[in-house]
Amino acid sequence: MIRAEKLTFDYEKLDETGQAVSMKRAVDGVDLEVRSGEFVAILGHNGSGKSTLAKHINAILLPTEGTLWVDGMDTKDENRLWDIRQDAGMVFQNPDNQIIGTVVEEDVGFGPENLGVPTDEIWRRVEESLQAVGMLKYRKHSPNRLSGGQKQRVAIAGVMAMHPRCIVLDEPTAMLDPHGRRSVIRTVQKLNKEEQITVILITHYMEEVIEADRVFVMDDGKVVMQGTPKEIFSQVDRLKELRLDVPQATLVAYELQKRGFPLPDGILSNEELVEELCRLKSKM
Amino acid sequence: MIRDITLGQYYPAKSILHELDPRVKLAATMIFVISLFVARSPVGYGLATIFLVLVIRMSKVPFRFMTKGLKSIIMLLMITVAFNLFLVDGNTLWRLGFLRITDKGVQTAVMVGIRLIYLILGSSVMTLTTTPNDLTDGLEKAMEPLKKFYIPLGPLKKFRIPVHDMAMIMSIALRFIPILLEETDKIMKAQMARGADFESGNLIQKAKAMVPLLAPLFLSAFRRAMDLALAMEARCYRGGEGRTKMKPLKYESRDRTAYGVILGYFLIVTAIERGVQIYGWIVALPGRWMAVYQWILSFL
C-alpha cells in the first residue's frame, strides 16, 4: 500500500534574499512498508520527523531524495497528485484549522465536491461517513459548537467521504481531552476493522498504539525501532533513552521485574497486568 | 463583549427563510436596503418596520441574536445621529453655545438612525439564516455572467474575474470570524491577566494598547491560514474547475413566491412614497394652475 525507500527530506532555511542558509534534515533515509488494511503507529517525540514523514504520504511534501509510493503511484508524479491525495486522506492536529464548512455535513461534502462526485452520490457518501464515525445526528450542527473530539471525528468523516484506502492521522489527539482522545481512537480502530482502511497513526501517546498491528519509533529523522507493540514496549530502557513514555501498566511491570518479580515482558494494559499479578499470587 | 458581533454567524433553525435559495435572500436584502433609502415618509418607514418584523418572526431566530449585531455599530450610530442632529439647518428648537438642534435636524437624525438600524437588522437576517457556504454559492451563481468577461493581457494571457476564488475567500472569511473573535477574547484576557490595560487612557494610549493584542492575533491568523490551506489541498481542493456541488442551486416555487413578495413590498413602498409626492403635488395644484393662468394672462 505504502512503501518508502531511502526517503529523505531537508527543510531549507532561507534568508531575506531567498538564498538557502542552512538545511535541517527532518527525515533521513527512511525505509518503510505498510500493507493494505494494516494499523500502523508512528511514535516519536517532538522534532523526530514523524509529522514530516506523514506529509509525504499525502504528497504535501515531496522527498528531497528517495521515493515514496502510495498504491504504486510515485508521489513525485504530478499527474497522479490528486489520485494520491484521494487515496491517502489526511487528518491534522488542530481540529479548528481543518474544518472548511460551517455546517458539519457541508464540511464532509467538501472533499467529494472537489473530486467532482455527482450530487446524489455526495449526499450518500456524507451520510455514510457521518454514520461511520457516529456523528450522523450532528449533521446540521455548526462545527464551532462541537467538542474537540467530535470535531476530529467530523474531520475523519470528511476524509472518509473521499473513499480513501488509507488514512494518515497526524497527531489527531494532541489537542484533545482524554475523553475526546478515546472517542477518536475508537473511531479509527473501528474504521480499520470494519472498513479495512489502512491507518497510519502518528502520535506521542503510548496508550493509543497498544492496539496497532505494528509500531515504528522515529528519532532524529530515522526509524530506530519497529515491531509489534509488545516487542517495542518490552524494551523500556531503549524507549526511555529516546525520551518516550511507556504505558503505565508496562512501567509498573518493568519496575516489578527489576525488583525480582517474575513477570513476562511486554505487558501493555492494566487488565493484562492484573491478570499476571493474580497468577503470580496464586503461585506463591 | 467582543463576541457580540453576530454578522456572519449562522443560526441553525428550521424556517422558510432558512430554506430559501440564497440568491433570493441576497436580492431581497439588496431590495430591502434600497427600499430604506426610497422611504422618506413615516408611512414608508412603517411599512419597512412591518416587513422587517414579519421577516424576523418568520426566521425563527431569537430577536436578541439580531440586536447583538447592533451593539457593534452603536458608536457609528451615535456619531451619525449626533452629526445629523447638530449640523442640519432648519428652525432652531434648542440652543446651547454653538450647538443647536433644529426641527429638521431631529427629523433627519431619527430617519438616519432608523435607516442604519434596519440596515444591520436586514442583513443580519440574511446572514443568520444562510450558511456562509450557501451565501457564497449564491454569490458565485449570481456573478456567473461575469465569468465571460476578461481583460486581455497580451496575446496568450487573459485576466478573467476569479468568481469562484472570490466566493471561496468570502466563505472562509465568514467561517473564521467567530473563531478569530474567540481568539481575540482569549488573547485579551491573557494580556489582561498579565497587567495589560485596554480600557483607560486617551485614544492614542488605547490604540497603543491594542498592539500586544493585534500582533499575536495576526500571527495566529496567518498560522491558521497556512493550516487551512494545507487541509484544503489535502482534500483535493484545486479551484472551481471540475468541482461539483453538494447543494446545487435550483429555484423552487417558494423562491418564486419570495421574489414576488419582496418585489411587491418594494413596489408598495415606492408607490406610497410616490403617492405622498403626488398627493403633495395635487394639493399644490390649484396654486400652480393659478400661476400658469396668470402667466398666460400676462401675455394678453
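**Notes on the A/B model: salt bridges, interface and cores**

1. Let me start inside chain A, where A:Glu128 and A:Arg124 join their side chains in a salt bridge, N to O 3.4 Å; the term stands for a side-chain nitrogen of Lys or Arg within 4 Å of a carboxyl oxygen of Asp or Glu. The two residues sit 4 residues apart in helix H4 (residues 119-132) of chain A, so about one helical turn separates them. Helices here are DSSP runs (H or I, at least four residues), numbered from the N terminus. A:Glu128 is partly exposed at a relative accessible area of 38%, and A:Arg124 is partly exposed at 45%. For these labels, buried means under 20% relative accessible area, exposed over 50%, and partly exposed in between (1.4 Å probe, protein chains only).

2. A word on conventions before going on. This is a predicted model, in which local features need pLDDT of at least 70, side-chain atom pairs count only at pLDDT 80 or more, and totals for chains, interfaces and linings use all residues. Residues are numbered from 1 along each chain as its sequence is written, chains are lettered from A and ligands numbered from 1 in the order in which they are written, and side-chain values use heavy atoms, with hydrogens and water left out.

3. In helix H8 of chain B, B:Asp185 and B:Lys189 are 4 residues apart, about one helical turn, and their side chains meet in a salt bridge of 3.4 Å, N to O. B:Asp185 is buried, with a relative accessible area of 10%, whereas B:Lys189 counts as exposed at 51%. Over all chains, the rule gives 33 salt bridges.

4. Now to the interface. Contact, taken as heavy atoms within 4.5 Å, links 30 residues of chain B with 38 residues of chain A. The two chains bury about 3,300 Å² between them, with 55% of it on carbon and sulfur atoms; this is the accessible area (1.4 Å probe) that two parts lose on being put together, summed over both. B:Arg175, B:Arg235 and B:Met246 supply 29% of the area that chain B buries against chain A, more than any other three residues.

5. Polar pairing across the interface is worth a look too. Between chain B and chain A there are 16 residue pairs in polar contact, both residues at pLDDT 80 or more. A polar contact is a pair of N or O atoms within 3.5 Å; within protein, one must be able to donate a hydrogen and the other to accept it, and residues adjacent in sequence count only if both atoms are side-chain atoms. On the side of chain B that touches chain A, the elements giving two or more residues are helix H7 (132-142), helix H8 (163-193) and helix H10 (211-234) of chain B. H10(B) gives the most, with 8 residues.

6. The rule finds 5 salt bridges across the interface. One of these joins B:Arg243 and A:Glu113, with the closest N and O atoms 3.0 Å apart. A:Glu105 and B:Lys247 form a salt bridge as well, at 3.4 Å between the closest N and O atoms. A:Glu105 lies in helix H3 (residues 104-115) of chain A and B:Lys247 in the loop between H10 and helix H11 (253-283) of chain B, so the pair joins two chains. A:Glu105 counts as buried at 1% relative accessibility, while B:Lys247 counts as partly exposed at 22%.

7. Which residues does A:Glu106 contact, leaving aside its neighbours within four places in sequence? They are B:Thr131, B:Asn133, B:Asp134, B:Met246 and B:Lys247. With B:Lys247, the side chain of A:Glu106 makes a polar contact of 3.2 Å.

8. Finally, the cores. A nonpolar core is a set of buried Ala, Val, Leu, Ile, Met, Phe, Trp, Tyr and Cys residues joined through side-chain atoms within 4.5 Å. The largest has 48 residues, of which A:Ile156, A:Ile167, A:Leu169, A:Val217 and A:Phe233 touch the most other members. Helix H5 (residues 148-160) of chain A gives the most to this core, with 6 residues. A second, separate core of 34 residues includes A:Leu32, A:Val34, A:Met90 and A:Met218.
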